[in-house]
Amino acid sequence: MMKKLLNPLAYYNTKTLLFIGIITHLLFCYIAYATHSFFPDFLSIKKSTIDFKFIDIIYQNTRSIAIAILVLFAVGKFINSRTRIIDIVNIVLISRIAYYMVFVTDFIPIINKKIEHLTEGVASNNLSVLQDASTMTVIVIVAFIAIAFIALMFYYLYISFKTVTNLKTLPQVFAFIAAILFIIISTSILSLIIPQTI
């Protein structure tokens, strides 16, 4: 069971993974909409001061996912000409599930209360809030949770990409890393120069 969880693309049916990936994608787009959050780029989940529509959230997240799919597919084809687009789609969609788990913190009242307390304190230039041990402890824990889930997403991206492309050599690993960096940077830049709504 653990092997299946650590490398789902090696064990589960392609159509099953695609179905799970699409449903999860839409579900967490809705959760983002319901919690007034949005996806400006491949790595970010932010609280929104803009009243985005549900379709806007889908557009933002899908845009980043599409860029990731295109870039990884190009690199995958370079490494192995037999790389299939459906496998790359599944890699990106399934790896994002770990990333979405950051949303779990939105449903824990004490975390929301502490984050709101910190945000209000900083906004009002009341830096004494930074000396509140309970608030800072919660913030540090949330930060570690977020980092852990994002690291898990990158693990899934790498192990799944390695499986479907038969990645082996060091130059190929560097090509994969370069692709990930390009995805992060390009989606971040695009979030600043193109509209977040449709």
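Start by selecting Leu-170, Phe-174, Ile-177, Leu-181, Ile-185, Ile-189, Leu-192 and Ile-193. Together these residues form a nonpolar patch on the surface, with about 860 Å² of accessible area. The model you are looking at is predicted. Now show helix H7, residues 170-193, and find Phe-174 within it. Look at how the residues of the patch are spaced. An α-helix has 3.6 residues a turn, so residues three or four places apart point the same way.

**Thr-187**

Stay in helix H7 and select Thr-187. Is Thr-187 buried or exposed? Thr-187 has a relative accessible area of 2%, so it counts as buried, the cut-off being under 20%. Next, show the backbone oxygens of Ile-183 and Ile-184. A polar atom of the Thr-187 side chain lies 2.7 Å from the oxygen of Ile-183. The oxygen of Ile-184 lies 3.2 Å from a polar atom of that side chain.

**Helix H6**

Step back to helix H6, residues 133-165. H6 has 33 residues. From first C-alpha to last, H6 reaches 48 Å, close to the 48 Å expected at 1.5 Å a residue. Color its buried residues, among them Val-138, Val-142, Ala-146, Met-153, Tyr-156 and Phe-161. Thr-135, Ser-160 and Thr-165 are also buried in H6. Then click on Asn-166, which follows H6. The phi of Asn-166 is positive, near 60 degrees.

**Arg-63**

Jump to helix H3, residues 54-79, and select Arg-63. Arg-63 is buried yet has no salt bridge. Which side chain of opposite charge is nearest to Arg-63? It is Asp-41, 7.6 Å away. Look instead for two other partners. The Arg-63 side chain reaches the backbone oxygen of Pro-40 at 3.2 Å. The side chain of Arg-63 also makes a polar contact with the side chain of Gln-196, again at 3.2 Å.

**The salt bridge**

How many salt bridges does a search of the whole structure find? The search finds one. To see a salt bridge, select Asp-87 and Arg-84, whose side chains meet at 3.0 Å, N to O. Check the cover on each partner. Asp-87 counts as buried, at 12% relative accessibility. Arg-84 is partly exposed, with a relative accessible area of 42%.

Now show helix H4, residues 85-100. H4 is mostly covered: 13 of its 16 residues are buried.

Move on to the loop between H4 and helix H5 (109-123), and select Phe-103. Phe-103 and Thr-35 are 68 residues apart in sequence, but 9.1 Å apart in space, C-alpha to C-alpha.

**The whole fold**

Finish by zooming out. The protein has seven helices and two strands. Trace the chain along the sequence and the pattern reads α-α-β-β-α-α-α-α-α.

Definitions and conventions: Residues are numbered from 1 along each chain as its sequence is written. This is a predicted model: local features need pLDDT of at least 70, side-chain atom pairs count only at pLDDT 80 or more; totals for chains, interfaces and linings use all residues. Side-chain values use heavy atoms; hydrogens and water are left out. Helices (H or I, at least four residues) and strands (E, at least two) are DSSP runs, numbered from the N terminus. The expected span of a helix is 1.5 Å times one less than its number of residues. Buried means under 20% relative accessible area, exposed over 50%, partly exposed in between (1.4 Å probe, protein chains only). Patches are made of residues with over 30% relative accessible area and no salt bridge: like charges are joined within 9 Å, nonpolar side chains (Val, Leu, Ile, Met, Phe, Trp, Tyr) within 5 Å. Accessible areas come from the Shrake-Rupley method with a 1.4 Å probe; for residues, only the protein chains shown count as cover. A salt bridge is a side-chain nitrogen of Lys or Arg within 4 Å of a carboxyl oxygen of Asp or Glu. Lys and Arg count as positive and Asp and Glu as negative; His and the chain ends are not counted. A polar contact is a pair of N or O atoms within 3.5 Å; within protein, one must be able to donate a hydrogen and the other to accept it, and residues adjacent in sequence count only if both atoms are side-chain atoms.
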